[in-house]
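Work through the following exercises with the model open. Each task is followed by its solution.

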Amino acid sequence: MTNPLWTFTELAEATGGTFVGVGDGGPTEAQGINFDSRGLQPGDVFLALQGARDGHDFVPAAFQSGAVVAITRRPVDGGPCLLVPDVLRALEDLAVFARERAVTAKRGAVTGSVGKTSVTQMVMQGLTRAGRAHSAIKSFNNHIGVPLTLARMPAETERAVFEIGMNHADEITPLAEFVVPHAVVITTVGAVHTENFPDGEAGVAAAKAEIFDGLLPGGLAILNADNRWFEYLSQGARRAGALVAAFGESAGNDAHLVSHSVVGDRAQIEGRLHGRILHFTLAHTGRHQALNAMASLLMLEALDVDIDTAINALEGFEALDGRGKVVTKRFKTKNGDMAEIVIIDESYNANPVSMTATLASLGARARTQGSRKIAVLTDMLELGPDERDLHAALGPVIEGLDIDRVYAAGPLMKALWDALPSRLKGAYAASAAELNAPLQQDLQSGDVVMIKGSNGSRAGLIAKALIAAD
């Protein structure tokens, strides 16, 4: 029989709360924990968090969906409640309690301007193969997501990995201090969320370095040696008492990407881990994902996963929706002919760092006879006063790559559109939704279509529409 995630005794001990409405013979344990009544499963704890609406408004629906207890600030009819002064603070208390009771768990944490989720999920693949593993079910990396992921960690967990994000300074420190990781990865530092940092990239680097604040003494900091902030971050890690391991494309790194090539829909990788030669393949074809894999190998090693298990996990790791997933699609052209195209869905999010890497990946992709390489781009958001210049700067990047056509949507991408030579121009639209029709009308059999943009600019709508097209 599966052990409960939480007993009522543990809930009260962790939070200092007081139960009301607990009847004789009622439930005394919970199998899960959730703050969204729509995704709640029978047997869950429901957290009445304050969001755009007061979570107490959803407690009756949570009980109807099978919640065994609600953590609230006041009694609510329909089931037992655990009363606490502050529900978010109670979640944080549960996180610390869960971390401390999983006494044998090795914990890793991942941050960076790009690649956080890919590295976290690559690592999780290896952890799962090595034993009892835990991670977030999706990109839960903020002040609610990180403690929630900890609160969902079973006591018998052997290894866990956590994604930690930020939009402002002083956000990573408290999250890292919840996790208290044995090892951390900073994938890279770039011009992301710079509208919130008056000192630009330097502020972003300082914010990412906050992850060292939670690192266990003598823990491992895994850093990108190709990034211009490597020395700054290395110094910060050592000041925090950490060891440093480097990954990148230069010989001498602890994890060295020696070569990367694409054959069909898989990347062929040669690497070295502490000098040991490795050969493996990835479903992710971008060179940046090969570097993410090298970082993942170092994290898996730090969490006591053997190299053969780690390599097998990377080879079996499928590209995530919106993060490089490749779909081959057949549909009717405007002439009524059947056409087959390849869609590379990179629509989850975008910034100048990830956009440049993804465009380079498209440019490096091998051609088939008669194929065209098409970039479909929507606005990159949260870039501050230089946002139009940063979009326009993609023009020379694209011109230097083996890319045939660009389709662009959004007011910021208009700056790129205006900077492009006519030979590269496919179509421009004010919004992602308006770009669907001209894009689909122009596609030909053999086209390779890469879609990239920020979540807020709705690049995902284009990917979904193209994948669903008749």
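**Exercise 1.** Which residue just after H9 takes a positive phi, and of about what value?

Solution. The model is a predicted one. Go to the end of helix H9, which covers residues 287–302. Just beyond this helix, Asp 304 has a positive phi of about 65°.

**Exercise 2.** Compare the span of H9 with the expected one, and state how far the helix is covered.

Solution. Take the 16 residues of H9 at 1.5 Å a residue: 22 Å is expected. The distance from the first C-alpha to the last is 23 Å, close to that value. For the cover, count residues under 20% relative accessible area: 13 of the 16 in H9 are buried.

**Exercise 3.** Describe the packing of H9 against H10.

Solution. Two packed helices are described by the angle between their axes and the distance between the axes. Here the axes come within 10 Å and cross at roughly 145°. The crossing is right-handed. On the H9 side the contact involves Ala 293, Ser 296, Leu 297 and Leu 300; H10 supplies Ile 307, Ala 310, Ile 311 and Leu 314. Sorted by type, the contact residues are seven nonpolar, one polar and no charged.

**Exercise 4.** In what order do the six strands of the open sheet lie, and which are the edge strands?

Solution. The order is E17-E18-E22-E19-E20-E21, with mixed pairing. E17 (325–332) and E21 (425–429) each pair on one side only, as edge strands. Within the sheet, E18 and E22 pair in the parallel sense over five bridges, and Ile 343 stands opposite Val 449 of E22. Helix H16 (residues 459–468) packs on this sheet, touching E17, E18, E19 and E22. The direction of H16 makes about 150° with that of E22.

Methods. Residues are numbered from 1 along each chain as its sequence is written. This is a predicted model: local features need pLDDT of at least 70, side-chain atom pairs count only at pLDDT 80 or more; totals for chains, interfaces and linings use all residues. Side-chain values use heavy atoms; hydrogens and water are left out. Helices (H or I, at least four residues) and strands (E, at least two) are DSSP runs, numbered from the N terminus. The expected span of a helix is 1.5 Å times one less than its number of residues. Buried means under 20% relative accessible area, exposed over 50%, partly exposed in between (1.4 Å probe, protein chains only). Axes are lines fitted to C-alpha atoms, for helices over the stretch in contact, and angles run from 0 to 180 degrees between N-to-C directions. A crossing is left-handed if the near helix is turned anticlockwise from the far one by less than a right angle, and right-handed if clockwise. Contact means heavy atoms within 4.5 Å. Ala, Val, Leu, Ile, Met, Phe, Trp, Tyr, Cys and Pro count as nonpolar, Asp, Glu, Lys and Arg as charged, and the others, Gly among them, as polar. Two strands pair if DSSP finds at least two bridges between them.
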